Amino acid sequence: MRTPLSAALLLILFVVSGPVLAQTAPLSVPASGLSREVTVRRDERGIPFIEAANDADLYFAQGYVTASDRLWQMDMMRRVVRGETAELFGNKTLEQDKRWRRFGFAKVVDSSYSTLSPELRAALDNYARGVNAFIAGLDEKTMPIEFGILQYKPKPWLPTDSLAIGKILADGLSTTWRSDLLRAQAQVLPVDKLADLENQVTPYDVVLYAGKKAKGRSTRGGVISPASSTLAAADRDEQLRRESLEFVGLYAEGLAASNNWVIAGKRTASGKAMLANDPHLSAGAPGIWYIADIQSPEVHAAGVSIPGIPGIVLGHNETIAWGATNVGPDVQDLYKLELDGNGSYRSPDGWKKLDVRTERIAVRSTPISPETKAVDFEVKSIDQGPVILDDKSGTYALRWTAFDPSFNEFEAFFRLNRANSWTSFTNALKTFGGPSQNFIYADTKGHIGWYAAGRIPIRRKGIGSMPYAAASTDGEWIGYIPFAELPHLYDPPSGLIVTANQRTVGSSYKYPQIASDASAPWRARRIFDRLSAIKKVTTDDVASVQLDAFNIPLDLLAKQIVRRKAASPETLAVLKDWDGRMMPGSQAALLAEEMQKCVTTDIMRSTPLVNYGTILERITERAVREDLARWLPNGVKSYDEMMLSCDKQVRGSMTRVFGADPAGWKWGNVHTAVFPHPLVVAPLVGAGFVTRKDPLAGSRYSPNVGSSVSMRYIVTPGEWDATHLVIPLGESGSPSSPHFKDQFDQWRTNAPPPLVFEKAKVEKLPVAVILTPKAN
């Protein structure tokens with residue numbers, strides 16, 4: 001997370017706010033709104049085990065307990081999505097707030113609430129009552145320190161605040177519209193280069209589902225080329241998006257967010273199915289996940305929740321386990337508007353007036369006072385959605401599945417907590433309206449499966465990969481991929497399913513938009529190869545794969561350099577002996593990474609219309625492997641010449657940064673643990689928010705991606721007491737708590753204590769809190 005406050009400001013606020021106070025909970029806590037007593041046990045890591053006599057009390061207690069550990073984080077997440085951060089941070093976050101206000105999510109979640117099942121509405125209501133009971137019991141001494149530093153008090157929690165958090169997930173995991181502009185810009189390239197960019201097939205693919213190809217259906221719409229100023233505005237919006245998502249720990253670069261796999265019993269040493277998941281999101285303190293065990297007569301589930309959301313998001317119940325990774329389909333479309341200068345735009349039905357509303361944002365005037373001023377700004381919309389880009393070169397509106405109130409992110413998870421078979425699992429996924437996920441499944445009977453679930457639009461023409469004209473019907477959404485036709489597997493003969501954001505469908509699949517923004521296959525290929533090579537997989541094997549630091553594309557590049565002798569003797573000697581692993585003490589890992597950056601940058605010089613990330617994902621490895629001359633920049637005759645030049649540049653840069661002695665050039669110098677908190681820069685209080693900065697193994701294209709591994713989970717259904725689950729820091733958001741960062745070493749080594757589940761072991765845990773009904 002990044003802080004919008006200066007160190008000097010925080011010092012002033014600290015003096016006003018008073019000293020840091022540890023949050024402690026008494027043994028017995030009266031709580032208004034409970035019908036029966038609720039027992040909360042905590043294990044050695046502070047993980048709560050909540051047991052209630054009914055669902056209403058269970059979710060009340062979950063809200064209360066989660067708020068006791070993460071209230072400020074919860075408040076920040078709802079403020080981000082509602083566009084209310086400038087009320088605390090002033091002009092520094094005003095543009096971020098404007099961005100969120102354009103989306104109109106406050107209205108969307110209000111409408112969405114009425115479409116939910118009565119059971120989920122009740123859970124949200126009871127969770128909110130629990131959060132508010134905790135808030136009501138706070139005073140100046142027990143209020144979390146961040147509220148005191150920033151001189152404000154938390155507002156009551158609303159059920160729709162929980163739904164709002166789902167929209168942050170949508171923004172973090174399904175925002176792709178900028179790619180539509182970049183693809184449109186690239187259409188002027190030579191045919192062979194454009195074909196390279198659009199070709200997603202590689203020798204390293206891990207494809208799970210072939211499917212059937214649609215007959216006579218075009219994947220292209222018309223081409224609307226954006227102006228350079230439009231792309232610059234899109235870049236500015238992306239920067240605002242990144243800053244706000246990093247602030248709450250939900251930024252996923254390139255949507256590349258996670259590994260998961262599931263293994264049938266015939267491939268495991270225990271003879272039982274095994275499931276593993278490690279989501280990759282931007283690192284922060286505290287992290288996005290909160291471990292919990294929740295139990296009532298109607299449900300018993302354990303795993304990770306998201307603070308502010310009732311139930312378990314990823315985890316298991318008494319019968320099944322599940323995990324998820326991002327799919328990366330195209331669920332956003334841009335529409336270029338033709339305007340008449342009088343507030344109207346051309347639609348397929350003729351000229352229509354733009355909808356215009358005024359948003360009022362409270363903006364803190366000075367850092368040392370909570371007083372605010374009102375800033376008004378206009379939001380324009382068309383039938384499809386809000387105008388998000390508007391300058392002299394073009395006006396564009398956005399359509400997005402996240403704007404549909406009937407699509408919500410949490411109905412499916414509520415039902416997954418109660419699912420007990422593949423049938424009830426898939427029935428739950430039919431309700432999933434969030435960013436499309438690769439849901440994996442394992443159960444106590446040994447069954448395994450995978451379903452790529454979500455609402456993915458079908459357009460009248462094309463697949464939404466480039467902007468449409470608002471005046472045309474080409475970009476009309478005529479439906480969504482039918483649930484039965486979404487990619488899925490159940491008990492495949494291979495006994496192994498691996499997803500890591502790669503293209504999971506074959507080129508013949510009839511709905512190519514599901515893989516429009518899929519990631520490179522490197523992590524999936526390495527995981528698949530590692531697991532395939534083990535005859536009988538154990539939990540230790542799975543833990544080792546999660547920690548795997550091998551980087552396939554860097555290993556391939558290093559081998560190319562050595563084979564071609566396209567570097568200095570010193571570099572060749574180091575790369576020749578490298579094992580391809582991105583380990584903290586490795587000089588070769590650092591050299592290979594910097595060489596890849598240099599080569600990719602040089603290739604980009606040949607085609608400035610294509611950005612660095614696209615070149616790295618789609619071009620660099622293939623261009624070197626196949627000696628594709630069309631990607632060489634002017635004046636460079638070969639890739640050997642390019643790499644020799646890069647070696648000189650890299651070694652010169654390493655000398656300037658790390659010194660003349662190559663023994664000091666180590667991967668761990670640049671790849672360290674980074675878990676920033678917004679208040680870490682504050683004098684006096686900032687030291688308490690400091691977290692470990694150890695050198696870490698891993699890299700972007702290794703299964704282990706370092707600090708961005710937001711949790712690690714390994715489970716064998718039926719052996720619930722041996723569940724392996726760890727988060728990077730700890731359960732508490734309070735720096736004075738012993739559980740603020742006590743899990744770091746367990747996370748770094750992937751060796752946490754088991755998360756027990758069965759009654760006999762849970763009842764041996766100490767009771768931390770008993771919530772009792774409070775007489776009114």
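Predicted model: local features only at pLDDT ≥ 70, side-chain atom pairs only at ≥ 80, totals over all residues.
Residues are numbered from 1 along each chain as its sequence is written, and side-chain values use heavy atoms, with hydrogens and water left out.

**View A. Arg-564 and Asp-640 form a salt bridge.** Their closest N and O atoms are 2.5 Å apart (a salt bridge is a side-chain nitrogen of Lys or Arg within 4 Å of a carboxyl oxygen of Asp or Glu). The pair links distant parts of the chain, 76 residues apart, with Arg-564 in helix H16 and Asp-640 in helix H21 (residues 639-658). Helices are DSSP runs of H or I, at least four residues, numbered from the N terminus. Arg-564 is buried at 13% relative accessible area (buried means under 20%, exposed over 50%, partly exposed in between, with a 1.4 Å probe and protein chains only).

**View B. Glu-411 pairs with Arg-415 in a salt bridge.** Here the closest N and O atoms lie 3.6 Å apart. The two residues are separated by about one helical turn because they sit four residues apart in helix H12 (residues 411-416). Glu-411 is buried, at 5%, while Arg-415 is partly exposed, at 37%.

**View C. Six side chains join up in a network of salt bridges.** Its members are Asp-75, Arg-78, Arg-79, Arg-82, Glu-87 and Asp-161. Across the whole structure, a search finds 51 salt bridges.
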